[in-house]
Amino acid sequence: MSVVRLLASLACGATLLTVGGWVSAQQAPVIPYEPPRQFGTSITGAFEGWFYGADGAPNFLVGYFNRNLKQAEDVPIGPNNRIEPGGPDLGQPTHFMPRRRTGVFVVPVPKSFTPAQKLTWTITVNGQTTQIPLRLHTDYNVNPFGDVAVGNEPPSLRILSESTKPLKGPVALLSGAPSLTATVGTPLPLSAWVEDDGKFASATMAPVTDDRSPVELHWMKYRGPGAVTFDAAATKLEALKGGKQDQPYAGKGTTSVKFSAPGEYALMLLATDYSGEGGNGEVCCWTNAYVKVSVK
């Protein structure tokens with residue numbers, strides 16, 4: 001684990017746990033301690049850190065911890081799921097998968113945003129309210145575009161069409177997501193193309209010995225009023241090039257999705273490389289993408 005990632009992890013942990021209570025690292029209100037349960041408990045945002053975008057402006061990288069170990073929760077945008085100031089909707093999820101989810105979305109802020117300023121993400125579910133602050137603290141500065149151990153970089157990801165501009169790293173914004181239409185109960189096909197450097201590092205520096213793909217795709221519901229069902233939601237891609245450690249890799253993944261009710265939905269696609277979800281201790285290397293779907 002790098003020093004930067006260690007500091008970021010400690011910072012994130014500080015937003016979650018103190019002796020005898022849940023508390024924000026940079027904010028006074030104490031949040032009642034709630035251990036993980038099967039269902040009926042709280043969700044807390046997780047501040048992974050911040051980084052500079054291509055335009056030179058800061059971006060907050062944010063995930064969450066759903067302590068409902070067996071139950072996803074839906075919390076609509078509004079008083080119970082808000083980021084302020086500037087919100088309540090700054091692109092955060094309304095559908096929360098169980099357990100810890102790392103680097104789910106980014107919140108860009110202007111170049112004029114200062115370390116003295118902050119955003120606050122508030123989530124209220126099952127009668128429990130949690131808050132985390134998002135600040136430009138020096139120790140939270142991370143690099144989601146490269147792993148210093150071996151120079152690993154995130155997968156390059158194209159969705160829906162091979163001709164689209166590729167995404168690389170957790171930089172996608174829900175506001176810029178492509179839009180599709182679908183019908184209740186009718187499968188909607190989805191395709192994605194990835195390229196990766198095939199690099200891998202672990203604590204022991206042991207080589208990859210299993211037959212896992214250099215990249216895996218994980219589709220999930222991000223927002224929407226009804227149930228979403230994926231065919232092969234986490235796929236081992238069809239290899240188009242490479243497939244072994246340290247070989248340049250290219251692959252294609254296809255799936256389909258069905259919706260149980262009409263309404264406006266958002267889907268998230270997570271592309272992870274050998275380092276896995278959350279980067280295996282580093283804030284690298286994965287890529288996020290989103291798709292909006294209007295279901296009739």
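Trainee: Is E48 buried or exposed?
Mentor: E48 is buried, with a relative accessible area of 1%. Keep in mind that this is a predicted model.

Trainee: Okay, and what does E48 form a salt bridge with?
Mentor: Its partner is R100, and the closest N and O atoms are 2.9 Å apart. R100 counts as partly exposed, at 29% relative accessibility.

Trainee: Which parts does the pair of D74 and K221 tie together?
Mentor: D74 is in strand 5 (residues 73-74) and K221 is in strand 15 (residues 216-223), so the pair ties together parts 147 residues apart in sequence.

Trainee: Is K221 buried or exposed?
Mentor: K221 counts as buried, because its relative accessibility is 8% and the cut-off for buried is under 20%. D74 is partly exposed, at 42%.

Trainee: Nice. What does E277 pair with?
Mentor: The side chain of E277 meets that of R101 in a salt bridge, at 3.9 Å from N to O. E277 lies in the loop between strand 20 (263-272) and strand 21 (286-295), while R101 lies in strand 8, so this pair ties together parts 176 residues apart in sequence.

Trainee: And why does R101 count as buried?
Mentor: Because R101 has a relative accessibility of 19%, and buried means under 20%. E277 is partly exposed, with a relative accessible area of 41%.

Trainee: Changing topic: how many helices and strands are in the chain?
Mentor: There are one helix and 21 strands.

Trainee: Which residue in strand 10 is the bridge partner of L119?
Mentor: That would be L134. Strand 10 (residues 128-134) is mostly covered, with five of its seven residues buried.

Trainee: What is between strand 9 and strand 10?
Mentor: Two residues, in a hairpin, and N126 in the turn has a positive phi of about 55°.

Trainee: What about D246, where is that?
Mentor: D246 is in the loop between strand 18 (238-241) and strand 19 (249-259). Its phi is near 70°, also a positive value in a residue other than glycine. D246 counts as exposed, at 51% relative accessibility.

Trainee: Which residues does a cis peptide bond join?
Mentor: G87 and P88 are joined that way, with omega about 20°. P88 lies in the loop between strand 6 (81-84) and strand 7 (95-96). The peptide bond from C284 to C285 is cis too, with omega near 20°, and C285 is found in the loop between strand 20 and strand 21.

Trainee: Last one: what share of the chain counts as buried?
Mentor: Of the 296 residues, 51% count as buried.

Key:
Residues are numbered from 1 along each chain as its sequence is written. This is a predicted model: local features need pLDDT of at least 70, side-chain atom pairs count only at pLDDT 80 or more; totals for chains, interfaces and linings use all residues. Side-chain values use heavy atoms; hydrogens and water are left out. A salt bridge is a side-chain nitrogen of Lys or Arg within 4 Å of a carboxyl oxygen of Asp or Glu. Buried means under 20% relative accessible area, exposed over 50%, partly exposed in between (1.4 Å probe, protein chains only). Helices (H or I, at least four residues) and strands (E, at least two) are DSSP runs, numbered from the N terminus. Two strands pair if DSSP finds at least two bridges between them.
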